[in-house]
Amino acid sequence: MNRKKFIKNVLLTGVVGAIAPQVLKTENSKPKTSTYDTLMQRVGFNHLPNKNIKTMNTIIHKAETRGHANHGWLNSHHTFSFANYHNPERMHFGVLRVLNDDTVAAGMGFGTHPHDNMEIISIPLEGDLEHKDSMGNVAVIKEGDVQVLSAGTGITHSEYNKNKDKEVKFLQIWVFPKEKNVEPRYDQISIRDIAKDNEFYQVLSPNKDDQGVWINQDAWFHIGKFEKGKSDEYKIKKEGNGVYAFILDGEVEINGTKLSKRDGMGIWDTESIDVKATENARVLLMEVPMSL
């Protein structure tokens, strides 16, 4: 595990969607908008479920309906509106704002850019991703690792494909924070030693003493790798939270609904969900608050 604190008051700018593979220069003046403010302006939290509804609610996002942007060096699929992809019905799921399925070409990457007041989680699926930040930290994350940037008052960082001969694939996930302007923080762990077969295991939580990385939000992430025919029940950790399931590989049924690779399903107003693998499968569950 590599835990290092960042200094406060790093210069802030707006959202950076697709960053060209070169280092960007940071200006010497404070920008007009921030990551948090820009995303909140677009979201507005107008598409949240009615808290008074007590029966289970669901929404399904099939893989082929996602937004798509191919920049050559970056091939990205967006579950929710991001950069040039804007769909007013696909802005977020509760405080889960960004779920990007990114493939970065050999030797390329996101140049140095800033963020503030956002919880940014990276989960590599294939290859090696090199991280550098405004404190001079350098780390490589790969399949079996989880990384989190708690941007807080502000950070700058870059993410590059470390390899010159193959692609890197990873999930880029952004979550609105529980509290704004906290001290920025970087965290990275290997989850190989805690991985289990045919059941969900925790890789992220709001508590620094729990298993996995921790973030500034009442959110819990779990991953499960299942053989065909195996199943598990996931119980909601906090009343009022919802769960967004993202199918990494294979095919599953969630509460009887069939889902395939890269499909997503949001579920709320329930105390638990049942996941059964109809083929060998890997599933990421993201439990998040449904409102700020």
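**View 1. R282 and D249 meet in a salt bridge, with 2.7 Å from N to O.** A salt bridge here is a side-chain nitrogen of Lys or Arg within 4 Å of a carboxyl oxygen of Asp or Glu. R282 sits in strand β23 (residues 281-289) and D249 in strand β18, so this pair ties together parts 33 residues apart in sequence. Strands (E, at least two residues) are DSSP runs, numbered from the N terminus. R282 counts as partly exposed at 22% relative accessibility, and D249 counts as partly exposed at 24%. For these labels, buried means under 20% relative accessible area, exposed over 50%, and partly exposed in between (1.4 Å probe, protein chains only).

A note on what you are looking at: this is a predicted model, in which local features need pLDDT of at least 70 and side-chain atom pairs count only at pLDDT 80 or more, while totals for chains, interfaces and linings use all residues. Residues are numbered from 1 along each chain as its sequence is written, and side-chain values use heavy atoms, with hydrogens and water left out.

**View 2. K261 forms a salt bridge with D249.** The closest N and O atoms of K261 and D249 are 3.7 Å apart. K261 lies in the loop between β20 (257-260) and β21 (264-268), and D249 in strand β18 (residues 241-249), 12 residues apart. K261 is partly exposed, with a relative accessible area of 46%.

**View 3. D145 and R192 join their side chains in a salt bridge (2.8 Å, N to O).** D145 belongs to strand β10 (residues 145-150) and R192 to the loop between β13 (185-190) and β14 (200-205), so the pair ties together parts 47 residues apart in sequence. D145 is buried at 6% relative accessibility, whereas R192 is partly exposed at 41%. Across the whole structure, a search finds 12 salt bridges.

**View 4. The second largest pocket is lined by 16 residues.** A pocket is an open set of points on a 1 Å grid over the protein atoms alone, where a 1.4 Å probe fits, with protein on both sides within 12 Å along at least five of seven lines; lining residues have an atom within 4 Å of a point. Lying nearest the centre of this pocket are E143, G144, I191, Y201 and R282. Strand β7 (119-126) and strand β16 (220-226) are the elements that give two or more residues to the lining, and β7 gives the most, with three.

Methods: Helix = DSSP H or I, 4+ residues; strand = E, 2+ residues; numbered from the N terminus.
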